[in-house]
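Hi,

Here is the structure I promised to pass on.

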Amino acid sequence: MKLRLYHYWRSSSSWRVRLALARKQISVEYVAVSLLDGESESETHRARNPLGFVPVLEFLDEKDPNRRYLTESLPILEWLEETRSEHPLLPRDRFDRAIVRSLAEIVNSEIHPLQNLTTQLHYSDDPEKRKKWTQHWIQSGLEAYETISQRYAGNFSFGSEMTLADVCLYPQLYNAKRFEVNVDQFPTLARILAHAETNVPEYAETHPSVFEPKT
Ligand SMILES: N[C@@H](CCC(=O)N[C@@H](CS)C(=O)NCC(=O)O)C(=O)O
């Protein structure tokens, strides 16, 4: 069965899935869906995801004429983890797994939906107000992440291997920079990011700059 990922170069939840696919060395066909020109809102894309969001993972099975899609990055990541055991993204111990999931949820639930373009546009027409709103949620979420990870981090958010937490954190730190939140105020997170930038090949391979349209 082949996999196809509908994604957008700068979408942080898309980047989470790209990171996990790269870490697990799973081949995938990438299809870009623009969030800026109405493509994600189109009938064609809403048939894949009624919310009009990316990422969407499509299962291409020649024996199954029905198209199957998986939406929401965390369930996609969990599906990859459950079906491909190589390079696990969760630790073995059950408590440790819950810690990793709670770090991932800080990004996924407490920051990401509030920084999303649709949320921002619904909140205000004023770009300055939108920026301050987004900075607020990134700041409070990353403060909590920093506090928890101080206890558990090695070169990664939890110990010495990449987990689901890092898969969520790296794109979130990219967004923090986009919204001018200073990452250096979070010493553990800044260290984790520096390690990724120099030592984690999947980070560079899946970085938004690789997928940015060149025109
Ligand atoms: N909870 C979803 C969020 C998906 C999501 O919000 N994707 C964003 C890009 S990061 C999107 O498609 N936004 C479209 C928009 O805001 O119009 C997930 O984790 O996959």
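Two things before you start. Residues are numbered from 1 along each chain as its sequence is written. This is a predicted model, so local features need pLDDT of at least 70 and side-chain atom pairs count only at pLDDT 80 or more, while totals for chains, interfaces and linings use all residues.

**Domains.** The chain is assigned domain 1 (2–86) and domain 2 (94–203); such bounds come from an automatic or database domain assignment. Their C-alpha centres lie 21 Å apart. Where they meet, 11 residues of domain 1 are in contact with 14 residues of domain 2 (contact means C-beta atoms, placed from the backbone, within 7 Å). On the domain 1 side, helix 1 and helix 3 each give two or more residues, and helix 1 has the largest share, with eight. Helices (H or I, at least four residues) and strands (E, at least two) are DSSP runs, numbered from the N terminus.

**Ligand.** The shell around the ligand takes residues from both domain 1 and domain 2, so it lies between them. Of the 15 residues there, Ser11, Ser13, Phe53, Ser73 and Leu117 come nearest (a residue counts as near if its C-beta atom, placed from the backbone, lies within 6 Å). Helix 1 (12–23), helix 3 (73–83) and helix 5 (117–123) each supply at least two residues of this shell.

**Core.** The largest nonpolar core has 48 residues, and those touching the most other members are Ala20, Leu77, Leu164, Ala165, Leu169 and Leu189. Such a core is a set of buried Ala, Val, Leu, Ile, Met, Phe, Trp, Tyr and Cys residues joined through C-beta atoms within 7 Å. Beyond its neighbours within four places in sequence, Leu169 is in contact with Val107, Tyr145, Ser157, Leu189 and Ile192.

**One residue.** Thr71 sits in strand 4 (residues 68–71). Thr71 and Leu57 are 14 residues apart in sequence and 6.6 Å apart in space, C-alpha to C-alpha.

Cheers

Notes
Buried ≥ 20, exposed ≤ 12 C-beta atoms within 10 Å, placed from the backbone. Contact = placed C-beta atoms within 7 Å.
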